[in-house]
There are 2 protein chains.
Amino acid sequence: MRIAVAVFDGFTSLDAVGPYEVLRMLPGVEVVFAAPTAAPVTDDAGWLTLVPSATLDATTTADVLLVPGGPGASRNLGNEALLDWIRRVHATTTWTTSVCTGSLLLGAAGLLDGLSATTHWSSVGALESFGATYTDRRVVEQPGGIITSAGVSSGIDMALRLAELIEGRVAAEAFQLAIEYDPQPPFDAGSYAKAPQAAKDYLAAR
Amino acid sequence: MRIAVAVFDGFTSLDAVGPYEVLRMLPGVEVVFAAPTAAPVTDDAGWLTLVPSATLDATTTADVLLVPGGPGASRNLGNEALLDWIRRVHATTTWTTSVCTGSLLLGAAGLLDGLSATTHWSSVGALESFGATYTDRRVVEQPGGIITSAGVSSGIDMALRLAELIEGRVAAEAFQLAIEYDPQPPFDAGSYAKAPQAAKDYLAAR
């Protein structure tokens, strides 16, 4: 079971690491952090630098493809080499997945045309520009093994569902227990529908 | 505002990256991933390799110290150089925090003696061996700015609370919205009290 996580400068760390922390517990798994070159990639905040396991070119197949988002995803929507890689690896996968604006890369690669999908709440218009229908759910499963998830932290929920699809419910529940994922956020501001206006204004001002 | 995240071989990626993804949004923040040497460190699963920003020796002060857990934390409980670094940086911090078994490192450094604290559910005895009283809560705040959090994913909840303490509730809610942290785990198996026996057996068998 090979899991390929695409990484590139400007990716959002938690988009990749949240699901990784779940999926890496799958029996017999091999995880590849695949980047455009062998050089380390730095996340969107600029503080976290990751050493890729392999280049994109060296990563030709995967059982699961995971595409994270971030400003680096948006900057690569016209990067034909990356989009072509996504298409080629997708042709070999059982599951092709995205977190946050990683769905825009799937969209730009032509994989979401006519499908329901989700993305970060701030990128609904961009997602729909690729022919997808935005669905206000945290995890959206579609025919063809395409699963998109909403903003950043939703990748953890998505990975638990994916673990269930791959290894069954008991295993997925065990992984949830292993990461003690019994979330208790101190506020109820995690969706655009629920966040107070002051929090939205705070983000808009930045 | 300098945030020092200790990293070492065998750390659990999400312990570090979950809170990082929240705290890196604090205004004027600088994040340092501090490691024993300048060489890259690899996580407990063996697939994720991170380039440190600085060595421990070069990281002498921090406003927030974050210590992740993982098998690498347990292996370092007798590493006097690391424990001494934790003590020295703690003397400069406003907040000294841990995720998962990172609390064992705080304990081994002598910072938890007589305090309430938490850790991963599997490490309660080890935590109490350092004079701490285990508290079955996701985030435990104590006098002296010491905050411990439970297993792996709890670091996200902890970081949101810490963001509130540092920057106020509106900012913390904005960060929650930014990472779309409206958790909807597909199962209710995230705590030892709630997980089904079959999931516990699955983990025990590995």
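**View 1. Polar contacts across the interface of chain A and chain B.** In this predicted model, 40 residue pairs are in polar contact across the interface of chain A and chain B, both partners at pLDDT 80 or more. On the chain A side, α1 (13-23), β2 (30-35), β4 (49-51), α6 (154-167), α7 (169-178) and α8 (197-204) each supply at least two residues that touch chain B. Helix α7(A) gives the largest share, 10 residues. By class, the residues of this side divide into 40 nonpolar, 18 charged and 13 polar.

**View 2. Salt bridges between chain A and chain B.** The rule finds four salt bridges across this interface. One of the four pairs B:D182 with A:K194. Their side chains meet at 2.7 Å, N to O.

**View 3. Strand pairing between β4(A) and β4(B).** Strand β4 of chain B spans residues 49-51. It runs antiparallel to β4(A), and three bridges join the two strands. Among the residues involved, A:T49 has B:V51 as its bridge partner in β4(B).

**View 4. Contact and buried area between chain A and chain B.** Here 71 residues of chain A are in contact with 71 residues of chain B. The area buried between the two chains is about 6,000 Å². Carbon and sulfur atoms give 64% of that area. Within chain A, the residues that lose the most area to chain B are A:W47, A:E180 and A:F187. Together these three account for 14% of what the chain A side buries.

Key. Residues are numbered from 1 along each chain as its sequence is written. Chains are lettered from A and ligands numbered from 1 in the order in which they are written. This is a predicted model: local features need pLDDT of at least 70, side-chain atom pairs count only at pLDDT 80 or more; totals for chains, interfaces and linings use all residues. Side-chain values use heavy atoms; hydrogens and water are left out. Contact means heavy atoms within 4.5 Å. Buried area is the accessible area (1.4 Å probe) that two parts lose on being put together, summed over both. A polar contact is a pair of N or O atoms within 3.5 Å; within protein, one must be able to donate a hydrogen and the other to accept it, and residues adjacent in sequence count only if both atoms are side-chain atoms. Helices (H or I, at least four residues) and strands (E, at least two) are DSSP runs, numbered from the N terminus. Ala, Val, Leu, Ile, Met, Phe, Trp, Tyr, Cys and Pro count as nonpolar, Asp, Glu, Lys and Arg as charged, and the others, Gly among them, as polar. Two strands pair if DSSP finds at least two bridges between them.
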